[in-house]
Amino acid sequence: MRARIGIGVWLAVVWVVLWGEVTFANAVTGIVMGAAIVLALPPARRPRTLVLRPWATTRFLAVFAWKLVEASAVVAWEVVTPRNRIKEGIVAIPIVSESDVVTAIVADAISLTPGSLTIEVDADHGVLYVHVLHLHDVEEVRADVRRLEDLAIAAFAPSGGGGGHDAPASSAGEEETP
Amino acid sequence: MNTVTVACFAILGAAGVACIVRLVRPGSSLADRIVALDSFLVVFVSALAVYTVRSGDDAFVNVTLVAALLGFLGTVTVARYIERRGA
Amino acid sequence: MSALDWVGGVLMIVGASLTLLGTIGLHRFPDVFARMHAATKPATLGTVLVLGGAAVAVADFSISALFVLVAALQFITAPVGAHMVGRAAYRAGTELSAQTAVDELAGSPADRRRRR
């Protein structure tokens, strides 16, 4: 229920921004439109709780923004320098969080961090497959992603702290052997 | 500000040409082409923003929003097509 | 030029240059997945910077608000789009370039499941 109210408010804000001026008429119309759309569409079958802890969220966003700048610099550097230093690879990274929302946010954030792009998400086994541009050390990539995920869990996980460490250690071990 | 906007137009124009070349090049796969098209739309959105700064005319501001949305929509649609039919 | 104009102008130039470098990467990188890295990261940051610079330099607050909205939208949708194309290209069997070192996705449970 709270999620739907949040979506309604967001729609009203976007409506007002699109109209340009914050007048009483615009605001009222926005709220009416937001409410109408939210009421007309059926609620999500599995309600997803999204928690926003302000301080942790700010830290996550700050790290995320910095990594985006770093990523663009890495790619720009690679484009400009004549020598081709690309060594690609696809790395399997186990996810510790049980929440779908956190996994989605982490997968999204990974795609904007230096040299990595989420290719495949295995929800049943809790594994994320990431394509890496400069692959020197597989464990290092995993550690980077784990750090990002910890920050995301601290910021967004629904019930205090992330899920347990139920990531399948065995299947991660299988993928190591070439 | 005038020189700045002209410089931006020149840079974005070159970026747009690069995207178009990748789009029509015979060797590209379908995935390459849709990424190039999405990049072209992104360049287009930036160019519209620069134009708005240069001319003070707000006619194209809503077009930026629509172009961004359509770019995303087109990318997702072609991605699903590639999954089914191959690149 | 006022101070706001300077800030906006610098942001726009930097953003545009970053976008240009990204599109050059579309040509230089060896295979589809690398090219997606090149297309999405600098282009997204570049567009966010250009839109941010434009939002700062334009006198009208409503236009600035809309540019910020478009920038936020671009931020959220670009990685998702890249992921979908990457996933589709991999599932369609696109060859990874010869410079690939490790491929842990081939033969894993996810791979086996979708090949069925």
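**Questions on the three chains**

Tutor: B:Val35 lies in helix H2 of chain B, where helices (H or I, at least four residues) and strands (E, at least two) are DSSP runs, numbered from the N terminus. This is a predicted model, in which local features need pLDDT of at least 70 and side-chain atom pairs count only at pLDDT 80 or more, while totals for chains, interfaces and linings use all residues. Residues are numbered from 1 along each chain as its sequence is written, and chains are lettered from A and ligands numbered from 1 in the order in which they are written.

Student: Is B:Val35 buried or exposed?

Tutor: A residue is buried if 20 or more other C-beta atoms lie within 10 Å of its own, exposed if 12 or fewer, and partly exposed in between, with C-beta atoms placed from the backbone. B:Val35 has 31 C-beta neighbours inside 10 Å, so B:Val35 counts as buried.

Student: Which residues is B:Val35 in contact with, leaving aside its neighbours within four places in sequence?

Tutor: Two residues are in contact if their C-beta atoms, placed from the backbone, lie within 7 Å. With its neighbours within four places in sequence left aside, the residues in contact with B:Val35 are C:Arg35, C:Met36, C:Ala39 and C:Val85.

Student: Is B:Ala10 buried or exposed?

Tutor: B:Ala10 is part of helix H1 (residues 2–24) of chain B. Because B:Ala10 has 12 C-beta neighbours inside 10 Å, B:Ala10 counts as exposed.

Student: How many Å apart in space are B:Ala10 and B:Ala47, C-alpha to C-alpha?

Tutor: In sequence, B:Ala10 and B:Ala47 are 37 residues apart. In space, C-alpha to C-alpha, B:Ala10 and B:Ala47 are apart by 9.8 Å.

Student: What box do the C-alpha atoms of chain B fill, and what share of its residues count as buried?

Tutor: Taken along the principal axes, the box is roughly 50 × 25 × 10 Å. Of the 87 residues of chain B, the share that count as buried is 46%.

Student: How far does helix H3 of chain B reach from its first C-alpha to its last?

Tutor: H3(B), residues 61–85, has 25 residues.

Student: What do the buried residues of H3(B) pack against?

Tutor: These buried residues are B:Val61, B:Thr64, B:Ala68, B:Gly71, B:Phe72, B:Thr75, B:Val78, B:Ala79 and B:Ile82. An α-helix has 3.6 residues a turn, so residues three or four places apart point the same way. The buried residues of H3(B) pack against helix H2 (30–55) of chain B together with H3 of chain C.

Student: Which helix gives the most to the side of chain C that touches chain B?

Tutor: In this contact, 43 residues of chain C meet 41 residues of chain B. Helix H1 (3–28), helix H2 (32–57) and helix H3 (61–91) of chain C each supply at least two residues of that side. By class (Ala, Val, Leu, Ile, Met, Phe, Trp, Tyr, Cys and Pro count as nonpolar, Asp, Glu, Lys and Arg as charged, and the others, Gly among them, as polar), the side of chain C that touches chain B has 27 nonpolar, twelve polar and four charged residues. The most, 14 residues, comes from H3(C).

Student: Which element gives the most to the side of chain A that touches chain C?

Tutor: This contact takes 37 residues from chain A and 41 residues from chain C. The side of chain A that touches chain C has 21 nonpolar, nine polar and seven charged residues. With eight residues, the element that gives the most to this side is H3(A).

Student: In what order do the elements of chain A run from the N terminus on?

Tutor: Chain A has six helices and three strands. From the N terminus on, their order is α-α-α-β-α-β-β-α-α.

Note on methods. Expected span 1.5 Å × (residues − 1).
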